[in-house]
Amino acid sequence: MRPLRGLLIKEYPVATGYLNYIFGGAPMKKTEICKTIISSIKNYINSPECLAAHRSPNHFIRNRILSLQQVVMYLLYSSKASMFQNLASIIDDLGNDSFPVVSKQAVSKARKGIRPSLFQELFNLSVDIYYKNIGKRKTWHGKHIFAVDGSKVQLPNSKSNFKEFGEMFSAHNHDRKFSMALASMVYDVLEDYIIHASINPYLASERQAAVNHLKTIENLGIYNNSIIIFDRGYYAEWLFRYCVSHSHPCVMRLKEKIKISRASHGDTITILPSNPKEGTEDIRIRVIAVPLESGETEYLATNIFDEDYTTDMFKELYFLRWPIESKYYELKYRVYLEEFNGATSNSIKQEFFINLLISNLSALIKNDADETIDKTANATNKYRYQANRTFIIGRIKKIFPKILAGVCDLSSIDQIFNDALKRKSQIQPGRKQKRPRIERKRKHFRNNKATV
């Protein structure tokens with residue numbers, strides 16, 4: 001059994017036996033995997049040995065009213081309301097035994113002593129358990145499909161964020177500065193699951209972030225029989241060579257003006273020449289011109305030379321990456337990724353991985369519910385239906401911390417699943433809408449709510 005990333009099993013005494021059970025045996029349903037993940041997280045945050053690795057020096061070393069575990073519970077519980085609302089609600093929902101009556105200043109000070117690595121580890125746990133237990137995964141022509149993309153993330157303005165993520169200046173007023181970050185992730189398109197993600201300085205390299213994602217896929221051992229799709233802007237010769245040398249079949253959209261795009265005529269195989277100074281060799285690259293319905297042409301570069309993959313198939317393949325765009329929409333407008341409760345870089349990273357975890361847990365329940373809805377659908381129905389993702393996210397955010405606190409048990413996940421079967425949304429096939437190219441205005445301001 002491969003140990004969890006950043007965590008040796010011998011350092012995980014509370015859940016070791018449980019992990020031996022869940023990492024063996026037959027494939028599990030996704031709702032059962034969701035319950036397994038939550039149980040493992042509960043074991044993790046109830047282990048002083050596990051939590052100790054993620055506290056800052058000289059923090060949580062004395063007996064205080066607010067323990068490290070309780071602060072973790074608060075962060076996993078917190079909604080996007082003000083701290084006053086969250087502190088009142090957590091006591092109502094979890095009770096005084098699970099969370100004491102404290103001031104918001106006490107919580108703000110306490111969370112500074114928790115490293116973001118804790119929540120990154122919990123997110124990694126959700127990924128490790130999923131791929132150990134899912135069994136047969138969905139494929140496209142026998143291939144697993146991964147997509148890599150980045151997105152801008154608005155941050156609260158603070159000295160800490162300016163230092164960590166960089167300063168941006170308004171085009172209309174150079175005296176006005178603000179902070180933004182670059183989020184990047186690799187996403188299992190067909191399984192609807194985030195595999196790895198990072199939040200970086202705004203001017204960080206998207207390509208370097210992509211390489212870190214690829215290394216994670218390699219470490220997980222899930223890159224066999226897979227294709228990785230990159231959006232326009234990712235292509236660089238060194239990144240393409242990395243995919244070739246590490247046996248990653250890939251598809252990269254090219255900008256129209258670069259040399260290999262202009263030289264392409266339909267489906268062309270050319271050579272990227274060697275560079276003795278860099279120690280590189282000649283490698284082949286296949287460039288495909290794909291005509292669009294709008295009359296435009298997009299160019300795709302790939303290291304897949306199988307002639308059975310036609311231009312139409314590559315067109316279909318590239319458009320399979322669209323769900324990663326929808327995933328960023330979900331994170332920003334359903335999970336409210338950018339509505340940070342904290343204002344420091346430490347808080348931003350904590351909440352970033354918490355939101356990814358919530359997204360993955362919600363996806364497990366939705367995918368199981370969708371399969372059940374499809375199986376039980378009447379063949380005479382005009383439209384297909386799916387579970388309402390927004391409803392599931394809202395319920396998970398409410399129930400998840402209650403299970404961790406022992407107020408609810410894992411049967412609550414089954415109840416969310418059963419409720420999701422009744423909260424269905426109609427799927428409208430063939431719906432298209434041109435993406436507007438407008439400058440997104442800043443909308444998250446610290447003076448609109450109390451922040452940590």
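Axes here are lines fitted to C-alpha atoms, for helices over the stretch in contact, and angles run from 0 to 180 degrees between N-to-C directions. Helices (H or I, at least four residues) and strands (E, at least two) are DSSP runs, numbered from the N terminus. The model is predicted, so that local features need pLDDT of at least 70 and side-chain atom pairs count only at pLDDT 80 or more, while totals for chains, interfaces and linings use all residues. Residues are numbered from 1 along each chain as its sequence is written, and side-chain values use heavy atoms, with hydrogens and water left out.

The axes of helix H2 (residues 30-45) and helix H7 (residues 117-133) come within 10 Å and cross at roughly 145°. In H2, the residues Lys30, Ile33, Thr36, Ile37, Ser40, Ile41, Tyr44 and Ile45 meet Leu118, Glu121, Leu122, Leu125, Ser126, Ile129, Tyr130 and Asn133 of H7, where contact means heavy atoms within 4.5 Å.

Eight strands form an open sheet of mixed pairing, in the order E5-E4-E1-E6-E7-E10-E9-E8; two strands pair if DSSP finds at least two bridges between them. Strand E5 (193-201) and strand E8 (267-272) stand at the edges with a single partner strand each, so one side of each is left without a neighbour in the sheet. Strand E4 (residues 180-188) runs antiparallel to E5 and is joined to that strand by eight bridges, and serine 184 stands opposite serine 198 in E5.
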